[in-house]
Amino acid sequence: MANPPTPEPTRRDFLYIATGAAATLGVGFAAWPFIDSMNPSSAVLAMASIEVDLSAIQPGQQVIFKWRGHPLFVRRRTPKEIAAARAVSPSDLPDGLARNANLTESAPATDANRTIKPEWLVVVGVCTHLGCTPAVSTRESPQGAYGGWLCHCHGSDFDASGRIRKGPAPQNLAVPPYAFIGPTKIKIG
Amino acid sequence: MAGHSNYVPKTGLARWLDQRLPVIRLMNDHFVTFPTPKNLNFWYTFGAILAVMLVVQVVTGIVLAMHYVPTADLAFGSVEQHIMREVNYGWLIRSLHASGASMLFLAVYIHMGRGLYYGSYKAPREILWILGVFIYLLLMATAFFGYTLQWGQMSYWAATVITSLFSAFDQIIPHFGTALSTWVRGDYAVGDATVNRFFALHYLLPFVIAGVVGLHIWALHVTGNGNPLGIEVKGPQDTIPFHPWYTVKDAFYLTLFLIVFLAIVFYAPNFFGNPDNYIPANPLVTPSEIRPEWYLLPFYAMLRAVPNTLLGVLVLFSALLTPLFIPWLDTSKVRSYRFRPVMKQLFWVFVATCILLGYVGAQTTDAAWHLGEVDIPLVWLARLATLYYFAFFWALMPWIGKKEVTRPVPESIAQSVLKKGAVLTKGGEQ
């Protein structure tokens, strides 16, 4: 059977298309509650900010807190570590951005941009590669070549500023949104 | 091969049922009189073995679900204390389920290797093959969810690494990847919400798999079985009924398979396991070595072989999806690699490559082989192996298929079977 010449659009064509569009839109709206139900619940969000007292942390020591289910590294850096971290130019780094939630996204990864007070480095202890917890480097048990952290899962090596120096991690360890609410007290999140 | 039915109801009741819902006819046509090539060998018994293993997993899984608690606080204890020590025969059912998953994957890999070697993916069996690949992908997802449910350290960090794969998309659309991974987890980190939804999905997917298996068998029974010669059935002289010939053959090898399976369940229940998974999940401490279950190791090695996260993830997903395209990548006119001298060699190199990738995946990231003065970093072996994995399908398969001089293919199955018999009576193996 030969194809008949394309007929003029009729009222019925319009109704088909309008019905189809309305149905698609309706399915989309109906699907959203199910999709969004899988996002973090209000109970999870309620735990999203914590306050931390830093006074007991000694120079050179790292303490791990739990924030949003993730480890949070709070490291009291020694003057030597700060000096070493400051000696690096951001342009020589694999990731040149500060990744600091307290600054703009384009802030360069200088050591000054990674902290609020140079002595205190606060970073999320989640390797930006695939989410493992990097092991901290201390005088007693050095990890990696840059004196910061080494991720044992896939070998990402971070410096004492939490910046990626070598290995598969694409970004520096994230600096969470936080603020000093006392001389040695911070609020995260 | 969907010939006309030769089922004749023998009783009045059977005739009455047959006119209303012909289920007995269906079973008879597909599992009793179904004409099957005469020459199927040992490697063709794994389809039936897989069907049985899927049933084993579903039955043990339903019982386990009655005793398991999917929360971050209780999951580990509900497995290691409650199921393993308190529930009657819980230790047995749990071991059957845990080792059963590994045995199922062992059978899957043999089944897929057989399909590859005998060219079972070639026309007209493309859909049959693709459905098989879907089953394989679904099995991997199901196994991953199930492994997470034990909530040991390996479970927890496997879940963390896999859900973090999504965050790699941050490199394409900023923040999208992280949002996606948070959505998958239901939390900023793997936790309560994650284990609960993984449990729901782990219970759901096997039934989806069973559905796709149904389609897989349907497609198989439309085209009929392939066979080691890779030639089509030409007439009744090439086939025998499925029952009793192949029911007995399948049952025999199934029994052998079950002996190995049960020997592991009873005498080495931790054979496939990882000792670190006996440590309860701890979100603050990553084990020094994390590795997936053995059946995912080759893909894990590929992921680690690529220095860039996003590229690594893309390589991983490409490797998983590549088998879908094989029916069109193979350009050869001959199906079975038995008659393809070059492809046969490349196939065994491919098998060795997969084993090598699995081996590297189980080693530390900075591991190396020491050959005298020289250190060969394993990551470079993994890179070469990954390259071969893709080259095998995307370059060698289309190219060799056109260039290769194949050996003569027999006229028919019947002729080949008879000739082989004749040679054997003269006292020689072909």
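Tutor: A term we need throughout: two strands pair if DSSP finds at least two bridges between them. Helices (H or I, at least four residues) and strands (E, at least two) are DSSP runs, numbered from the N terminus. This is a predicted model, where local features need pLDDT of at least 70 and side-chain atom pairs count only at pLDDT 80 or more, while totals for chains, interfaces and linings use all residues. Residues are numbered from 1 along each chain as its sequence is written, chains are lettered from A and ligands numbered from 1 in the order in which they are written, and side-chain values use heavy atoms, with hydrogens and water left out.

Student: OK, chain A. How many helices and strands?

Tutor: Chain A contains 3 helices and 10 strands. Read from the N terminus, its elements go α-α-β-β-β-α-β-β-β-β-β-β-β.

Student: What radius of gyration does chain A have, against a compact globule of 189 residues?

Tutor: Chain A comes out at 25 Å, whereas a compact globule of 189 residues would be near 16 Å. The radius is taken over C-alpha atoms, and the globule rule is 2.2 Å times the number of residues to the power 0.38. Along the principal axes, the C-alpha atoms of chain A fill a box of roughly 85 × 40 × 30 Å.

Student: Sheets next. What's the strand order in the open sheet of 3 strands?

Tutor: The order is β2-β3-β4 in chain A, and the pairing is antiparallel. At the edges are β2 (62-67) and β4 (120-124) of chain A, each of which pairs on one side only. From one strand to the next the twist averages 20°; axes are lines fitted to C-alpha atoms, for helices over the stretch in contact, and angles run from 0 to 180 degrees between N-to-C directions.

Student: How many bridges join β2(A) to β3?

Tutor: There are 6 bridges between β2(A) and β3(A), residues 70-76, and the two run antiparallel. A:Ile64 has A:Phe73 of β3(A) as its bridge partner.

Student: And the turn between them? Which residue takes a positive phi in the hairpin of β2(A) and β3(A)?

Tutor: In that hairpin, with 2 residues between the strands, A:Arg68 has a positive phi near 50°. A:Arg68 sits in the loop between β2 and β3 of chain A, and its phi is positive although it is not a glycine.

Student: Now the open sheet of 4 strands. What's its order?

Tutor: It runs β5-β6-β7-β8 in chain A, again with antiparallel pairing. β5 and β8 (164-166) of chain A are at the edges with a single partner strand each, so one side of each is left without a neighbour in the sheet.

Student: Take me through the pairs.

Tutor: β5(A), residues 135-136, and β6(A), residues 147-150, run antiparallel and are joined by 2 bridges. Here A:Val136 stands opposite A:Trp149 of β6(A). Next, β6(A) and β7(A), residues 157-159, pair in the antiparallel sense over 3 bridges, with A:Gly147 opposite A:Asp159. Finally, β7(A) and β8(A) pair over 2 bridges, also antiparallel, and A:Phe158 is opposite A:Ile164.

Student: How many residues are there between the strands in the hairpin of β6(A) and β7(A)?

Tutor: That hairpin has 6 residues between its strands, and A:Gly155 takes a positive phi near 80°.

Student: Chain B, then. How many helices and strands are there in chain B?

Tutor: Chain B has 16 helices and 4 strands. Its radius of gyration is 24 Å, close to the 22 Å that the globule rule gives for 430 residues, so chain B is as compact as a globular protein of that length. The box its C-alpha atoms fill along the principal axes is roughly 65 × 65 × 45 Å.

Student: At what angle do helix α3 and helix α10 of chain B pack?

Tutor: α3(B), residues 46-65, and α10(B), residues 242-267, pack at about 50°, with axes 9 Å apart. That makes α3(B) oblique to α10(B): angles under 35 degrees count as roughly parallel, over 145 as roughly antiparallel, 65 to 115 as roughly perpendicular and the rest as oblique.

Student: Which residues of α3(B) and α10(B) make the contact?

Tutor: Among them are B:Ile49, B:Val52 and B:Met53 of α3(B), and B:Asp250, B:Leu254 and B:Phe257 of α10(B), where contact means heavy atoms within 4.5 Å. The contact residues divide into 10 nonpolar, no polar and 1 charged. Ala, Val, Leu, Ile, Met, Phe, Trp, Tyr, Cys and Pro count as nonpolar, Asp, Glu, Lys and Arg as charged, and the others, Gly among them, as polar.

Student: Last topic, cis peptides. Where does B:Pro124 lie?

Tutor: B:Pro124 lies in the loop between α5 (90-117) and α6 (126-149) of chain B, and a cis peptide bond with omega of about 5° joins B:Ala123 to B:Pro124. A cis bond also joins B:His243 and B:Pro244, with omega about 5°; B:Pro244 is found in helix α10 of chain B.
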